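Here is a short briefing on one strand, its pairing partners and the nonpolar packing. Please look over the model first.

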Amino acid sequence: MSLRLSTVILPYRRWSEGGRSAWVRAEQLGFHTAYTYDHLSWRSFRDGPWFGALPTLTAAAAATERLRLGTLVTSPNFRHPVTLAKELISLDDISGGRITLGIGAGGTGFDATALGQEPWSPRERADRFAEFVPLLDRLLTEDAVTHEGRFYAAHEARNIPGCVQRPRLPFAVAATGPRGLSLAARHGQAWVTTGDPKLYENGTPEQSVEALRGQLAKLSEACADAGRDTAGLEKTLLTGFTPDRARPLQSLDAFVDFAGRHRELGFTEIVIHWPIPDSDFAADEKVFEQIAMEAAAQLD
């Protein structure tokens with residue numbers, strides 16, 4: 001399986017002031033997918049402009065023709081499966097079947113308290129995610145769904161005509177723990193990781209590679225338990241959160257070396273952040289575009 005190169009465009013610019021042009025340029029550069037974060041606010045961007053993921057993706061769908069689009073990632077922190085399913089079916093229709101849903105259990109950031117609730121414990125996040133994903137799967141594949149669960153309910157929720165993509169749009173499940181990996185194996189068309197967060201500050205690239213190798217091994221075990229061949233599951237690495245940080249974007253050669261090492265591990269998609277000046281995602285735009293246009297040929 002060839003390595004796919006995708007990007008993630010943070011929704012911090014007004015559509016008329018550079019927001020639209022980034023998505024159009026992503027298609028021109030040949031990225032496989034352009035994702036965006038599905039947060040209410042995020043880290044250092046909290047006190048600045050930040051727009052909603054699903055409206056942004058809807059506008060991006062109208063501005064592009066071939067580029068796949070998606071969230072990376074959506075979480076239960078402020079989403080409900082019933083309303084999310086309706087919006088995803090609409091978005092999949094508007095895009096002509098180009099949507100991927102990146103989905104994860106969420107964390108303890110600003111999204112976790114924006115609705116006035118106390119942050120959920122790791123166990124509760126895992127419990128909610130374990131109910132959220134199968135219910136969303138049903139909502140996107142069945143015309144009418146009734147569900148009474150511990151955290152979520154649906155009463156004759158109608159989702160006609162369903163997704164353009166059949167049986168539904170693909171899920172890219174972000175997970176590293178056993179319960180999340182099981183969800184990826186059972187419901188995902190792709191698995192997403194950012195690496196081992198414990199290595200970000202003081203780890204080495206070599207240690208990161210070994211940690212990712214371990215995560216992939218656990219994913220294989222989860223697939224075996226689910227009776228599934230792991231080869232049929234895309235493996236996505238969202239970059240920028242390993243000890244390499246921004247170094248892979250310093251030159252074409254640096255990126256090809258980084259991507260090659262991770263392709264050898266088994267990754268099928270590498271996602272790089274669209275450059276944002278004066279941030280953790282600052283990068284030379286000319287180098288970024290060179291990577292987008294030339295790296296794939298060197299990795300074949």
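In S10, Thr236 has Glu269 as its bridge partner. This is a predicted model, where local features need pLDDT of at least 70, side-chain atom pairs count only at pLDDT 80 or more, and totals for chains, interfaces and linings use all residues. Residues are numbered from 1 along each chain as its sequence is written, and side-chain values use heavy atoms, with hydrogens and water left out.

**Strand pairing**
- Strand S9 (residues 234-238) pairs with S10 in the parallel sense over three bridges. Strands are DSSP E runs of at least two residues and helices H or I runs of at least four, numbered from the N terminus; pairing takes at least two DSSP bridges.
- Strand S1 (residues 4-8) also pairs with S10 in the parallel sense, over five bridges.
- Thr7 has Ile272 as its bridge partner in S10.

**Burial of S10**
- Five of the five residues in S10 (residues 269-273) are buried (under 20% relative accessible area, 1.4 Å probe, protein chains only; exposed is over 50%, partly exposed in between).
- One side carries Glu269, Val271 and His273, the other Ile270 and Ile272; all are buried.

**Nonpolar cores**
- The largest nonpolar core has 70 residues, and Phe31 and Leu136 touch the most other members. Such a core is a set of buried Ala, Val, Leu, Ile, Met, Phe, Trp, Tyr and Cys residues joined through side-chain atoms within 4.5 Å.
- Helix H4 (residues 122-141) gives the most to this core, with seven residues.
- Another core, of 17 residues, lies apart from it and includes Val8, Phe45, Leu72 and Ala172.
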